Amino acid sequence: MIKKQYSLTVCQGTGCISGGAEDIFSSLEDEIDRLNLGEGIRIKRTGCHGFCQRGPLVVVDPETSSGLFYSKVAPGDVSDIIQSFLPGGKPVERLFYRDPASSKPIPNYHDIPFYRKQERIVLRNCGHIDPEDIDDYLATGGYQALRKALFEMTPEQIIAEVKQSGLRGLGGAGFPAGRKWEATFRAGGNEKYVICNADEGDPGAFQDRSVLEADPHSVLEGMVIAGYAVGARRGFIYVRAEYPLAVKRLRIAITQARDKGFLGRDILGSGFGFDIEIFRGAGAFVCGESTALVLSIEGKRGMPKPLPRPRTAEVGLWGKPTLLNNVKTFANIPLIIVRGSEWFASRGTETSKGTAIFSLTGKVANCGLIEVPMGTRLREIIFDIGGGVPGGKAFKAVQTGGPSGGCIPASLLDMPVDFDSLTAAGSMMGSGGMVVMDEDTCMVDVARYFLDFTQRESCGQCIPCRVGTKQMFSVLDDITTGQGRPEDIDLLLELGESVAGTSLCALGQTAPNPVLTTIRYFRDEYEAHIHEKRCPAGVCQALVSKTPSLSKREGEGDK
Amino acid sequence: MEELEEQLLREVLSFYRGKKNELIPILLEVQGNFSYLPEDAIQLIASFLNIAEGEIYSVASFYAQFRLLPLGRQCVTVCRGTACHIRGSHQILQEIEKAVGVKEGETSSDMEYTLETVACIGCCALAPCLRINNNVHGEMTLEKVRGLFNPESSSGLSLDGRG
Ligand SMILES: Cc1cc2nc3c(=O)[nH]c(=O)nc-3n(C[C@H](O)[C@H](O)[C@H](O)COP(=O)(O)O)c2cc1C
């Protein structure tokens, strides 16, 4: 019999599920039952570990036992995994993660470079707790922040703590959270709302989805504390339509939180009442913008309000003061309340405190969700954590901030990453997408890709955005199909400046960024397309006779 | 509208209070049941919420989620997120168009396939990816596409999408 108590976690994030993780979970369960090992081995479902690319993942809990990390697990591996716990059993070496460069196996979770260099604050529970079991969240100290806030702090003290922490909104713009809370607190009236922005519209970003799927209670707890601080009694979570699993887990979490008295008319007997509803979005990028989001909840087309636009903190949902923050902003709150603003502010840079979360993807060996202190250098993120570009290819650029952001070249790899440095480089933090591009990526094609996105997603209300993005797209389309004209670069710059300067909302104001940064850093590629009718990366089909074959990826060594 | 369908619709509506702000949740739920928004359903919803049908069309056409035509039995949604794009999702889409014989946005005449694209599924670490009904398939290659859509020519591909 097994003497030691083992805890086995099986990732059930969207990524691992797509690889068959649900079957693996039930086979492991069956095998444990069959061998009557339930006493010795505890098995639980967790949310995303972040390392989706290596999924399905089975991890022997690093906190309580060996920390063995099994990747790319298939149903056929289940019996060997269970056998390994029996006397004389050996770890299943073939499932170890292998260093992409040296192929050396790295058995332990904590030794894998992808995890070793991270500092997981917002993602603290992701991959460790069962998101569908509130007791698991409680066991990690969950809802203690809420108790502290309700019974030991006044709303003013909470707002002061959030202000002192230096926390900036993680939905993109980086607006100081405490100031927004204060503005909502000061706004008159006794009907107010708290909204969590989980629209995550940027293509190439999935951190909000992962947090909601893996640790929904931390977001709920942050929202209740916010409600208490600003004087709201109702909260909404606006969730992107494409995230059915996140919605399912949120529903479970809300029900469990109500049952335990963390949501409802009289929370924990404090006399304070607050409840949360889920609102599913219906697939419109512009609805991430605060005034559009509010209109969408009201049942209308989500078009940003015209200028002068009232501040949502003062005139928001149904005309009432409304606090809108991102998923990760709320997920930070419980820790700031429990551990204090000083603890929080000890990480990060002068102007950006705490951590940044990125969806590291594209042409990088280790794809996944990562969290690092603000100010970490791009090079460390892409090469130390991400393992660099696979297949011996050369790094070309990294795209941050999605359609509002830009492409940052190799010359800026030593830049510390925070809100302000990214803006200075012409890009943005955005929702935290970080897409690595290599020598086989065409930067003009990337610019075309983003403008194709923004011109589709433009709500059409203001002319600079509706017509301007479309014009920019068609110029880019011409360039990538061999019809570029010498004056096109100047035309793009001019169009970009006017779209950025005159659009009604940030969608249009930031839409030119992907074009402006690629012209700024990769002008030679535009020139090759225009003057030589050549696509240096070999991507633009009209300009190359032979397109690199996708099937080659298998052999690139990134598996 | 068939009697059964109308019954289902009325049952869905019975959970709502008839307030205007319930429009989007109602449309999502109705579509969840019917796979699209049938004309008759829109009429009924309009009278339930006491708004003009035109207002419903205005909202339904604004949001990418809503469909005014029925779906095929297999709805294939190709992700065109950024990570998928630079890992060749365009070629994946072309290959699927070839394999199933419909273009993006179309449904095959036998109602077997609908082919759509989506801004991002959020499985960027498994790019390029796609979804068939509710199942995500990651790390797609042209070979995997051929295997998924012509099972006879499949070379040992497992349908769980990992190949
Ligand atoms: C076009 C557009 C799309 C946006 N999409 C999102 C989004 O998906 N998620 C998000 O949190 N914020 C998004 N934002 C930013 C929000 O308007 C808002 O600033 C943010 O939710 C506030 O939360 P924070 O202060 O915690 O960052 C978007 C803004 C614009 C203009």
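Guide: Welcome! In this predicted model, local features need pLDDT of at least 70, side-chain atom pairs count only at pLDDT 80 or more, and totals for chains, interfaces and linings use all residues. Residues are numbered from 1 along each chain as its sequence is written, chains are lettered from A and ligands numbered from 1 in the order in which they are written, and side-chain values use heavy atoms, with hydrogens and water left out.

Visitor: Why is L317(A) called buried?

Guide: Buried means under 20% relative accessible area, exposed over 50%, partly exposed in between (1.4 Å probe, protein chains only). L317(A) has 0% relative accessibility, so it counts as buried.

Visitor: What is L317(A) in contact with, beyond its neighbours within four places in sequence?

Guide: Contact means heavy atoms within 4.5 Å. Among the partners of L317(A) are Y193(A), F236(A) and V294(A). As for T291(A), it is 26 residues from L317(A) in sequence and 8.5 Å away, C-alpha to C-alpha.

Visitor: What makes R42(A) and D136(A) a salt bridge?

Guide: The term needs a side-chain nitrogen of Lys or Arg within 4 Å of a carboxyl oxygen of Asp or Glu. For R42(A) and D136(A), the closest N and O atoms are 3.9 Å apart, so the pair forms a salt bridge. Between domain 1 and domain 2 of chain A, the count is 2 salt bridges.

Visitor: How is chain A divided into domains?

Guide: Domain 1 is 6-116, domain 2 is 134-345, domain 3 is 355-438 and domain 4 is 443-544, with bounds from an automatic or database domain assignment.
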